[in-house]
Amino acid sequence: MVIGSGVAGALTASELASQGLRVVIFETGPRIERSDAYSKFLSAAVKDLASPYPADTVPSYKNTTGRETIYRQTGPQSFQSDYLKAVGGTTWHWLGSIPRFLPQDFKLRTTYGLGEDWPLSYEVLEPYYGWAERELGASGDSNNDRGSPRSSPYPMPPIPQSYLDQKAAAALTGSPYEFLAAPQARNSISHADRPACCGSASCIPLCPIQAKYDATVHVAKAEAAGAVLFPETTATMLHLDEAGIIKSVEYRRSDGTSGHARSKIVVLAANGIETPRLMLNSAQERAPGGLANSSDQVGRNLMDHPVKLSWAMAPEPVWPFRGPLITSTCDTLRDGAFRSDHAALLIEIGNQGQAWSKHAPFSNVKHLIAKGLRGPALDQAIFDATSRQIEISSMVEQLPVQENRVTLDPDRRDENGMPEVSIFFSIDPYTKAGLKAAEAAHTDIFSAMGASEIGHDPAARGAGHIMGTVRMGTDPKTAVLDENLRSFDTTNLFVVGSAVFPSGGTANPTLTIAALALRASEAISAQLAQMD
């Protein structure tokens, strides 16, 4: 049984089902029709992450509906990342960027004396990175490994860099900042029965033609191979037998019916918030602190990539608002001796003008009308403002901190009777120093481009990268899972997804999620073979 149908669950289910194994998938959210979602997106007055999707499928830290937010925030900083409850999971509204981790990211403590080492190395995971790139359909430059050595090429050539990116790259020639075409799970050519990217610029929250990969691709493959999907079905508790093995999964459907299901192996693939939530809610006599939690690490070490966001105006038109939202990144500060002192960062140039930082172009229109502009003068001012906007963001490495954690809210329950989530979140001094370094780098880049009206968001934004909370390791006293993502405590339990990350590096997590899920599928297959 696989609980969750995002990229980790879908890949695991597809691989196991393709071997002729019986697979059942539980997914809390509904199936979504792309055409319906796109129509809803086009008609929405506010086009945000939630606008294409059914109500209540996007749990949020924001209170935009008049009800209390889904996360109860108890820490000094607000945890600002959302996810999507639907068949296919958050890959419906993800960016599509798939850089690999660097080799040094797997040995942070050994190399720089802080954070955590992973129980496996880059060299062990490298073949699975290539496998994951083939499964997702990756576009990238095979001639530049960007510090992560490769044994196989990308399936497709890179997505072309935007005009803005090309202008930035030219201005930065000879500087420490080199912007290269970003590797993406997005078709640069027709591939795997999906079309090439059409540049619709709505990748977040929705690709209208599925040029960008989403996990419904592998859900469909799993179902074609015989897997059975139960949408709108929430696993609410995992019950253990006297030997400490999961004997049944208690569930509740959206129509109010409930029951118990049995499975030889249970794979949790419900993200870094919902997975520990289910595990903690499964506290029972043989697991008083929650399922597989003898280490007291379930729910702890919550991480994101806090984002430093900056903006400026180019001296001439650079034509944003076209194509994928990110086509280039700068790796200059992803690694170096400085990581002993401050966090690493991955720099991105956005192709959405100042939409994230200032809600452009709508804010531009409002501002210019307030200034009294009308008619042709207003048209020209809007043209000038929107054509020269630049936005740079840096995703900053965050250390695993025990106190940053997901726990169960003692006062609130959802429609299934499960406790809601309470989150304590803070940004450590190491990461704050990385955010400061990001601001300095952004200023350097803007200055090289001759930009004006430079500004920096004083607060860190959320990247949507929910990492940690059920980490892997070598010691059952300090980790929940072994290097194969099998629970130390409950041997028929596996966890896949970014919840298992001991540390986060600077790379968008999806490719590493996929590589680890494919590797775990081999361990699951081997264990099932031994059980027969």
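## Cavities

On a 1 Å grid over the protein atoms alone, a cavity is a set of points where a 1.4 Å probe fits but cannot get out; lining residues have an atom within 4 Å of a point. Grid points are joined across faces, edges and corners, and a volume is the space filled by probe spheres set on the points. This is a predicted model, in which local features need pLDDT of at least 70 and side-chain atom pairs count only at pLDDT 80 or more, while totals for chains, interfaces and linings use all residues. Residues are numbered from 1 along each chain as its sequence is written, and side-chain values use heavy atoms, with hydrogens and water left out.

The structure contains two cavities of 30 Å³ or more. The largest cavity holds about 150 Å³ of space. Its lining has 17 residues, and those nearest the centre are Pro99, Arg100, Arg146, Pro183 and Arg334. By class, the lining of the largest cavity has six nonpolar, five polar and six charged residues. Here Ala, Val, Leu, Ile, Met, Phe, Trp, Tyr, Cys and Pro count as nonpolar, Asp, Glu, Lys and Arg as charged, and the others, Gly among them, as polar.

The second largest cavity has about 60 Å³ of space. It is lined by 14 residues, with Cys197, Gly199, Ser200, Cys203 and Cys207 closest to its centre. Nine residues of this lining are nonpolar, four are polar and one is charged.

Ser202 sits in the loop between strand E4 (179–181) and helix H6 (216–224). Helices (H or I, at least four residues) and strands (E, at least two) are DSSP runs, numbered from the N terminus. Ser202 has a relative accessible area of 4% and is therefore buried; buried means under 20% relative accessible area, exposed over 50%, and partly exposed in between (1.4 Å probe, protein chains only).

Leaving aside residues up to four places away in sequence, Ser202 touches Tyr38, Phe41, Cys207 and Pro208. Contact means heavy atoms within 4.5 Å.

## Salt bridges

A salt bridge is a side-chain nitrogen of Lys or Arg within 4 Å of a carboxyl oxygen of Asp or Glu. The count by this rule is 24 salt bridges. One of them joins Asp296 to Arg300, with the closest N and O atoms 3.1 Å apart. Asp296 is partly exposed at 37% relative accessibility, whereas Arg300 is buried at 14%.

Arg339 is buried, at 1% relative accessibility. Its side chain meets that of Asp335 in a salt bridge (2.8 Å, N to O) and that of Glu397 in another (2.8 Å, N to O). Arg339 lies in the loop between strand E11 (326–330) and strand E12 (345–350), and Glu397 in the loop between strand E13 (389–396) and strand E14 (405–413), so this pair ties together parts 58 residues apart in sequence. Both Arg339 and Glu397 are buried.

## Aromatic pairs

Rings of Phe, Tyr and Trp (its six-membered ring) pair if their centres lie within 6.5 Å; planes under 30 degrees apart count as stacked, over 60 as edge-to-face and the rest as tilted. The count by this rule is 14 aromatic pairs. Phe26 and Tyr251 form an edge-to-face pair, because their ring centres are 5.3 Å apart and their planes are at 65°. Phe26 belongs to strand E2 (residues 24–26) and Tyr251 to strand E7 (residues 246–253), so the pair ties together parts 225 residues apart in sequence. Phe26 is buried, with a relative accessible area of 5%.

Tyr122 and Tyr129 make a tilted pair, 5.8 Å centre to centre with 35° between the planes. Both Tyr122 and Tyr129 are buried. Ring pairs link Phe101, Phe106, Trp118, Tyr122, Tyr129 and Phe501 into a cluster.

Technical notes: 1 Å grid on protein atoms, 1.4 Å probe; cavity = no way out; pocket = protein on both sides within 12 Å on 5 of 7 lines; lining within 4 Å.
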